[in-house]
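Have a look at the picture first, then read on.

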Amino acid sequence: MKTTPIYGMMAEFDSASDLVAAARKTHEAGYQKIDAYSPFPVEELAEAIGFHKNGVPLVTLIGGLIGGLAGYLMQYWMAVDSYPVNVGGRPYHSWPSFIIVTFEMTILFGGISAVFGMLALNGLPMPYHPVFNVPRFAMASKDRFFLIVFSSDPKYSPTSTRQFLESLEPRSISEVPS
Amino acid sequence: MADRTEEVAVANRNAPVIQPGYTFGTVTDKISAIVLNRPTSTGWFIGFGVGFMLTMMMLFAIGYLVVRGTGIWGINIPVGWGFAIVNFVWWIGIGHAGTLISAILLLLRQSWRNSINRFAEAMTLFAVASAGIFPLIHTGRPWLAYWMVPYPNTMNYWPQFRSPLLWDVFAVSTYFTISLLFWFIGLVPDLATLRDRSQNRVAQIIYGMLALGWRGSARHWHRYESAYLLLAGLATPLVLSVHTVVSFDFAISIVPGWHTTIFPPYFVAGAIYSGFAMVLMLAIPIRKLYALEDFITDRHLQNSAKVMLATGWIVAYGYGIEAFMGWYSGNRYDAFTLWNRLHGPYAFLYYLLLASNILIPQLLWIRKLRTSNVGLFLVALVILIGMWLERFVIIVMSLHRDFLNSSWGMYYPTRWDWMTYIGTIGMFLTAMFLFVRILPMISIFEMRTLLPEAEVKAE
């Protein structure tokens with residue numbers, strides 16, 4: 001008989017407060033590879049599952065700096081070196097005129113880095129994911145809150161993890177096939 | 001104790017941002033049902049049809065323009081800018097309110113914005129798209145428009161970065177790109193909701209692909225919130241810069257009436273003024289037709305009206321300074337521009353402008369009018385016309401009589417000018433109709449955060 005490998009164990013909760021409390025307890029119980037799902041951003045949740053580092057601001061900063069530098073240097077090279085044009089006797093390196101395009105390029109590259117950096121760090125787009133195998137998970141985008149302990153967690157065991165999750169008084173528990 | 005009663009009194013004066021009694025589930029159902037379950041109404045088909053026909057008219061006018069050249073328009077020398085630039089500035093100004101609502105009000109923690117930011121952002125996108133058409137076709141040879149982009153070419157030339165017109169290329173294209181990203185990123189969690197709620201296989205696949213596999217993980221939300229805030233922080237100076245750069249197109253020149261330092265703030269205020277007028281003209285019928293009065297409440301209408309009052313006064317100050325400087329500068333050409341506005345052949349447009357941008361909007365001081373759907377709609381319409389007249393006054397009235405009497409002239413728009421202008425309104429409406437039909441017009445996940453049950457209680 002063929003057995004499906006298990007991706008993790010999922011518990012369903014009714015409110016954001018319940019989920020945050022459960023996630024905190026799970027994290028404190030020593031589970032490290034866990035995740036929580038909510039239909040809207042819950043500030044306390046990332047902290048509760050022990051997720052603090054967030055690379056998006058750094059990516060945005062680097063993107064913005066690259067954009068600004070590229071914008072200014074591009075204009076400098078074009079106006080001074082490659083294609084100098086005398087406009088009303090202004091110096092070739094007329095930097096005040098270059099500020100606007102430099103600014104716009106900073107914003108453009110910063111914004112693109114923020115969005116695509118966020119998507120890349122989140123591993124999106126990813127149309128298929130094992131959590132979608134749980135039929136009730138469709139409610140995660142409406143009004144239900146889910147907590148998952150991944151089977152890759154060193155503390156994971158089909159029986160003791162289920163017992164632990166049951167002690168959190170969830171609405172339901174399901175195994176997630178991968 | 002006294003403080004407490006006061007608090008209650010203030011709270012009661014304003015309508016709530018969202019009517020009480022909603023849960024995560026009912027908010028989700030109500031907004032997603034408009035897209036997924038509600039049958040398409042006859043009214044929608046009529047509105048879409050009218051918009052679509054006007055779009056076709058615009059394409060016809062542009063097609064004829066491409067065949068015959070800009071001679072079919074009313075532009076001439078001295079008035080080389082005419083309708084194309086009037087409409088460009090008008091449309092791009094309208095777009096500004098969307099970014100103000102989505103970015104600046106987010107940073108200021110004005111949570112009432114959550115129910116109007118989505119369609120205001122859509123309005124921004126469609127308005128900027130309508131605006132973009134005009135400078136493109138005004139070049140006369142739009143198929144060579146890519147020459148404005150710095151790319152390595154066999155002609156061995158580069159664009160002239162000292163020209164405000166080139167700054168515009170960068171400002172407007174950046175603005176469109178960032179607005180599009182902001183709008184799409186805001187849509188992703190709601191697209192996931194539609195993917196999960198849809199019963200139709202094709203819709204599931206389309207929404208599913210667009211949702212990028214969003215599953216609402218706490219890690220994802222955490223990064224998402226960072227990115228969203230950072231985008232808002234980037235979009236805030238951007239939106240202020242866009243109309244500033246547009247005003248540089250005028251202010252950097254030496255044409256009397258254009259060469260003034262008040263232009264950037266006065267243009268930005270005017271942009272937000274007209275943008276909120278457009279937000280109201282869209283919000284009032286939408287909330288009525290789709291029965292969304294619980295989400296877009298009188299509070300939203302009131303706040304928008306107050307923003308219009310405030311920005312309207314900044315615009316009035318701008319007119320005042322323009323007139324004052326015409327006299328105080330001692331420059332005879334500036335003085336003549338003022339005289340020409342008050343007594344010249346287009347003077348009636350200037351008086352109409354003062355009436356519709358300064359006089360009539362003062363009705364908004366009346367609380368009753370701020371909560372009246374019809375009254376507010378009409379005032380918004382007057383402001384939109386007024387802001388269009390402002391651009392006409394600035395562009396045509398300065399150009400048609402400049403330094404030398406021998407080069408004076410008159411400008412009259414032709415039917416092709418009108419067809420193109422009205423056509424872009426049709427294109428804007430077509431896009432709005434499609435948007436409310438196929439995408440959630442109110443941000444569902446941001447509405448959930450407004451509900452009392454979204455608050456996490458400490459143990």
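In what order do the four strands of the open sheet in chain A lie?

## The sheet in chain A

The order is β2-β3-β1-β4, and the pairing is antiparallel. Keep in mind as you read that this is a predicted model. Out at the edges of the sheet stand β2 and β4 (172-177) of chain A, each with a single partner strand, so one side of each has no neighbour in the sheet. Going from one strand to the next, the twist averages 20°. The sheet also has a helix packed on it: α1 (residues 16-28) of chain A, which touches β1, β2 and β3 of chain A. The direction of α1(A) makes about 15° with that of β3(A).

## A closer look at β3

Strand β3 (residues 145-150) of chain A has five of its six residues buried, so the rest of the structure largely encloses it.

How is β3(A) tied to β1 and β2 of chain A? Strand β1 (residues 6-13) of chain A runs antiparallel to β3(A), and six bridges join the two. One pair to find on screen is A:Glu12 with its bridge partner A:Phe146 in β3(A). Strand β2 (residues 34-37) of chain A also pairs with β3(A) in the antiparallel sense, over four bridges. Here you can look for A:Ile34, whose bridge partner in β3(A) is A:Val149.

## Chain A as a whole

Chain A has five helices and four strands. Read from the N terminus, its elements go β-α-β-α-α-α-β-α-β. The radius of gyration of chain A is 25 Å, well over the 16 Å that the globule rule gives for 178 residues, so chain A is more spread out than a compact globule. Along the principal axes, its C-alpha atoms fill a box of roughly 80 × 40 × 30 Å.

As for burial, 42% of the 178 residues of chain A count as buried. Take the contacts in chain A between residues at least 6 apart in sequence: 80% of them join residues at least 24 apart.

## Where chain B comes in

Chain B puts 53 residues in contact with 60 residues of chain A. On the chain B side, the elements giving two or more residues are α2 (24-36), α6 (164-197), α7 (201-210), α8 (218-251) and α16 (444-450) of chain B. The largest share, 16 residues, comes from α8(B). Sorted by class, the side of chain B that touches chain A has 27 nonpolar, 16 polar and ten charged residues.

Methods: Residues are numbered from 1 along each chain as its sequence is written. Chains are lettered from A and ligands numbered from 1 in the order in which they are written. This is a predicted model: local features need pLDDT of at least 70, side-chain atom pairs count only at pLDDT 80 or more; totals for chains, interfaces and linings use all residues. A residue is buried if 20 or more other C-beta atoms lie within 10 Å of its own, exposed if 12 or fewer, and partly exposed in between; C-beta atoms are placed from the backbone. Two strands pair if DSSP finds at least two bridges between them. Two residues are in contact if their C-beta atoms, placed from the backbone, lie within 7 Å. Ala, Val, Leu, Ile, Met, Phe, Trp, Tyr, Cys and Pro count as nonpolar, Asp, Glu, Lys and Arg as charged, and the others, Gly among them, as polar. Axes are lines fitted to C-alpha atoms, for helices over the stretch in contact, and angles run from 0 to 180 degrees between N-to-C directions. The radius of gyration is taken over C-alpha atoms; the globule rule is 2.2 Å times the number of residues to the power 0.38.
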